[in-house]
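This report walks through selected local and core features of one protein. Please keep the sequence and the coordinates at hand while reading.

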Amino acid sequence: MHSTDLTQGSIMRSLLRFFFPILFGMLFQQLYNTVDAIVVGRVVGHEALAAVGGSPAVIINLVIGVFTGLASGATVIISQYCGSKDDELLSRAVHTILTFCLFAGLALTVLGWLSSPLSLRLCKTPEDIFELSDRYLRLYYLGSVPLLLFNVASGILRAVGDSRWPLVYLGVCCALNIGLDLLLVAALDLGVEGVAWATVLSQLVGAALILLHLAQAKGPERLELRRLGIDVPSLRRILYIGIPAAVQGAMYSVSNIIIQAAINGFGTVVVAAWTAISKFDGIYWVTSNSFGAAICTFVGQCFGAAKYERMKEGVRKWMLATLGTALTLTAALLGFSRWGLLLFATEQAVIDEATRMLWYFVPFYFLWTFIEIISNTLRGAGDAIAPTIICLLGICALRVLWIWLVVPYWHTVKAVSMSYPITWFVTAAVFVIYYYKSNWLPRCMGRQGKVDE
C-alpha cells in the first residue's frame, strides 16, 4: 500500500501532512551541517570555519548536485507511476536508480579524492586554509556512496507518499553526527578531520537504515537484491528528467564557485562571514526546498492520475503558502541576525561583516518562491527542459556575467552579494510568463500519452 495518495481528499491538508515531515527532515539535515559549523567555528576558530564552509562547501554542492539531480528524475517518474498505479514500472525504476547511484557514488569517491587539490586551486582558496580545506574535502568524499544512496532512497519513499520515515532516519543521523562532533572535535581535538569523519559515519548509518526499510517495504517500492540492475527504458525516462536537473544543479554550483572565488579575494574574515551566513539562513533554503519537494511529488502523482484541475488548484494554493512563509522567515532572519550569527563565530569582525551582507539579499527571498514552485511543478509534470534553460540563462549565466563584468569595476562585497537578487528577479519573471502563457501542460500530456502507448 502506498503511504499517502495525494490525488484524493483535501488538497492543503494532504500537502501539509506530506510537507511537514519533509521540512523537519531537511531541518535535521541542516542542523547537523550547522552543528559542524558551530563546533568547528567556536572550538577551533574562524580559519577552520572558512576551511569547512568555504570552497569545500561549494565544491561538494557541485559534485553531489550533479548526481542527486540525475536521481531526482527517478523521484518524478516514480511519483507518476504511483499516481497511475503502475507497480511493475515503479519497481523497475526503484532498482534502476539505486544501482545507478551505487556505481556513481563509487566513481565520485575516486575522482573527488584525486581532484581535491585542483578544485580548491580553481576556487582560489586562501593559502592559510588550503591544507585544512584539502584534508576536509578528501575525507568528505569517502561518504559519497552512502550519501547518494540515502538521498535517493529518501526520494523514493517520498515519491510514493511516505515522508515520515525519511524524517526518522534523518533524525538518527543528526543525533549521531552531533554526538560525534562533540566527541571527535570538542573532546578529542581532531579539528576539521573530526567534522568530516562525523559526517561520513552518520551518513553511513543513515544509508544502512533507509535501505533496510526499503528491503522490508510491502509495496512496489520494496528493494530486492536480485532485482538490482539497469532497466534501459526506465533509465531513459529517469535521465530525460534527471539530466536537465543535473545540468541545472551543476551550473548553480559553478556560478556559486565563481562567487566563492570572488569572496575568497576579500580575505579569511569575509570568507568566514560568508560561511556563517550560509549556515544561518539555511533555515530559509531548507524550508523553500521542502515546499518545492512537496509540490513536485503532488504534481507528479496528480499528473500520473490525469487529475489536471486538482494539480493546478494545488499549485495556486501552495504558491501562496510558500510566499507567506518566505516573507515571515525574511523578517525573522533580519530581526535576529546578530544573535543568530553568534552561534557560528566569536570574532566581532566576522559578525559585523556577516550582518551587513545579510541585508544585501535576504529581503529579496520572496522572489525565489516563484522559481521554486514553478520549476518543481513543471518538472513534476515531466517538463524538464524549459526550467533548466530558464535557470541556466536567468540565474547561472547572468550571475557569472555580473561577477566577470561588474564586480571588477565595483569591487566590493556588496557588489558580489547583489548578483543574487538581480538574477532572482529576472528568472522569476520569466518563469511566471512561461507558466501562465505557454502550452506546457498540453505538451506534457501528449508526451505522457506517447510513453504510455
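This is a predicted model: local features need pLDDT of at least 70, side-chain atom pairs count only at pLDDT 80 or more; totals for chains, interfaces and linings use all residues.

Thr 330 belongs to helix H12, which covers residues 308-335.

The side chain of Thr 330 reaches back to the backbone oxygen of Ala 326, at 2.8 Å. When residues up to four places away in sequence are not counted, Thr 330 touches Val 362, Pro 363 and Tyr 365.

## The nonpolar cores

The largest nonpolar core holds 79 residues, and within this core Phe 361, Ile 371 and Trp 440 are the residues with the most contacts. Helix H11, residues 282-304, supplies the largest share of this core, namely 9 residues.

Once neighbours within four places in sequence are left aside, the contacts of Phe 361 are Trp 274, Ile 277, Asp 281, Ser 417, Tyr 420, Pro 421 and Trp 424.

## Helix H6

Helix H6 comprises 16 residues, 144-159, and at 1.5 Å a residue these should span 22 Å, which agrees with the 22 Å between its end C-alpha atoms. Of the 16 residues of H6, 15 are buried, so the helix is largely enclosed by the rest of the structure. After H6 comes Gly 161, which has a positive phi, near 95 degrees.

Definitions and conventions
Residues are numbered from 1 along each chain as its sequence is written. Side-chain values use heavy atoms; hydrogens and water are left out. Helices (H or I, at least four residues) and strands (E, at least two) are DSSP runs, numbered from the N terminus. A polar contact is a pair of N or O atoms within 3.5 Å; within protein, one must be able to donate a hydrogen and the other to accept it, and residues adjacent in sequence count only if both atoms are side-chain atoms. Contact means heavy atoms within 4.5 Å. A nonpolar core is a set of buried Ala, Val, Leu, Ile, Met, Phe, Trp, Tyr and Cys residues joined through side-chain atoms within 4.5 Å. Buried means under 20% relative accessible area, exposed over 50%, partly exposed in between (1.4 Å probe, protein chains only). The expected span of a helix is 1.5 Å times one less than its number of residues.
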